[in-house]
Amino acid sequence: MFNEPDVLMSKVRMIMESPTERTKYQEFTTFQEKLNFIKNHFIMNDMAVRLLERKYLLSSDKRDELIRTVEDIIDKID
């Protein structure tokens, strides 16, 4: 069965596997900068951006969860 968060997080993981992209992301200080970086990245297609918005951007708790998840991905890569 299609697991939406896995599709989204696999795209985020692909972005963060690049040392250059990871460094760019880590230089951002605000949630909005980090979110814009992820949403506007060339790996993200319309479907992935819609999944991101639906799953993580409807509440502030979910926004924090998104940032923690991305940080966890970065920690595992480093």
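**Close-up 1. Contact of helix α2 with helix α5.** In this predicted model, Arg22, Tyr25 and Gln26 of α2 meet a set of α5 residues consisting of Ile67, Val70, Glu71, Ile74 and Ile77.

**Close-up 2. Contact of helix α3 with helix α4.** The axes of α3 and α4 (residues 46–56) come within 9 Å of one another and cross at roughly 150°. On the α3 side the contact is made by Leu35, Ile38 and Lys39, which meet Val49, Leu52 and Glu53 in α4. The residues of this contact divide into 4 nonpolar and 2 charged, with no polar residue in the set.

**Close-up 3. The buried face of helix α3.** Within α3, which spans residues 31–40, the buried residues are Lys34, Leu35, Phe37 and Ile38. When the helix is seen down its axis, these buried residues fall within an arc of 160°, and they therefore line one face of α3. Two of the residues named here, Leu35 and Ile38, are also among those of α3 that meet α4.

**Close-up 4. The two sides of helix α4.** The buried residues of α4 are Ala48, Val49, Leu51, Leu52 and Tyr56. An α-helix has 3.6 residues a turn, so residues three or four places apart point the same way. Asp46 and Arg50, by contrast, are exposed on the other side of α4. Val49 and Leu52, listed among the buried residues, also take part in the contact with α3.

**Close-up 5. Histidine 41 in the loop between helices α3 and α4.** Histidine 41 is placed in the loop that lies between α3 and α4. Its relative accessibility is 7%, and histidine 41 therefore counts as buried, the cut-off for this class being under 20% relative accessible area. When neighbours within four places in sequence are left aside, the residues in contact with histidine 41 are Ile15 and Glu21.

How values were computed: Residues numbered from 1 in each chain as written. Predicted model: local features only at pLDDT ≥ 70, side-chain atom pairs only at ≥ 80, totals over all residues. Heavy atoms only, no water. Buried < 20%, exposed > 50% of the residue type's maximum accessible area, 1.4 Å probe, protein only. Helix = DSSP H or I, 4+ residues; strand = E, 2+ residues; numbered from the N terminus. Arc of directions from axis to C-beta. Contact = heavy atoms within 4.5 Å. Axes fitted to C-alpha atoms, helices over the stretch in contact; angles between N-to-C directions. Nonpolar A, V, L, I, M, F, W, Y, C, P; charged D, E, K, R; others polar.
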